[in-house]
Amino acid sequence: MFIPLKMTSVKYFLALVAALVLFNSCATKKEILYFQDASEYNNTPINYVKPVLQPNDILKITVGVLVEETAKPYNRVSSGSSGGGDVDLMKLDGYLISEQHVINFPQLGTISTKDKTTSQLQEEITQLLEDGGHLKDPTVNVRLLNAKVTVLGEVNGPGTYDFSEESVTLLQAIGMAGDLTINGKRKDILIIREKEGVYKTTHIDVTSADLLKSPYYFIKPNDVIIVNPNGPKVKSAGFITNLGTLLSVFSIVLSTVLIITR
């Protein structure tokens, strides 16, 4: 039986629309929801890990004693000390760790920072001041001034973010960047980390609560987090990127076909 071309075109158009709707709604909860098995880790102890100091880290080191005047030779006069604690000013006066993992400290000379955390460096400087007869019962405080993480890819606010805490989680870093977009591949988040002079890479699945026991749950200064795009996003790259645009294009094409075949 003969079927008019006009009716056939409409059927093809409706079939294409149905296919597009199915294609654009194929994502499941398993691909989107975070920590789907979180209940399995209820009441799990948290293992806080302090980051090890790296070259190009900038430290603020303050030494205090009961008689404040005696500690002056061991403290740098900070430009930010009288300006409300401006971090950028403090960085200029901070101790920059060299590529050889050392700092040059007043009165004590060269001190190695290799494989040390801020707490361990505090303890070492305190010991050096006491054992060398420099100060009695000194209080030493070491803080990292330029901790940062870079978050790129399918997030709402990609960029480099500063943080002052010693323990920041991967989820907090993602939160700084405005969370993942709907196109972010939650099962394939790439982390690039500097460790012992080399780059280490790993892939993280944030749909699984296994992340809670991962050494990458807590980020380290200078980590780079890359959120890869999901399959539909990759396929649409360089092509028409949303259903509304596709429908508009096919509507124009169908109208043109119907006009020609009248």
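**View 1. Y217 is buried, with a relative accessible area of 17%, where buried means under 20% relative accessible area, exposed over 50% and partly exposed in between (1.4 Å probe, protein chains only).** This is a predicted model in which local features need pLDDT of at least 70 and side-chain atom pairs count only at pLDDT 80 or more, while totals for chains, interfaces and linings use all residues. Residues are numbered from 1 along each chain as its sequence is written, and side-chain values use heavy atoms, with hydrogens and water left out. F218 also counts as buried, at 10% relative accessibility. The ring centres of Y217 and F218 are 5.1 Å apart and the planes stand at 70 degrees, so this pair is edge-to-face (rings of Phe, Tyr and Trp, the last by its six-membered ring, pair if their centres lie within 6.5 Å; planes under 30 degrees apart count as stacked, over 60 as edge-to-face and the rest as tilted).

**View 2. Y48, Y217 and F218 form one aromatic cluster.**

**View 3. The charged end of R76 sits over the ring of Y95.** The distance from that charged end to the ring centre is 4.0 Å, the criterion being NZ of Lys or CZ of Arg within 6 Å of the ring centre and within 35 degrees of the ring normal.
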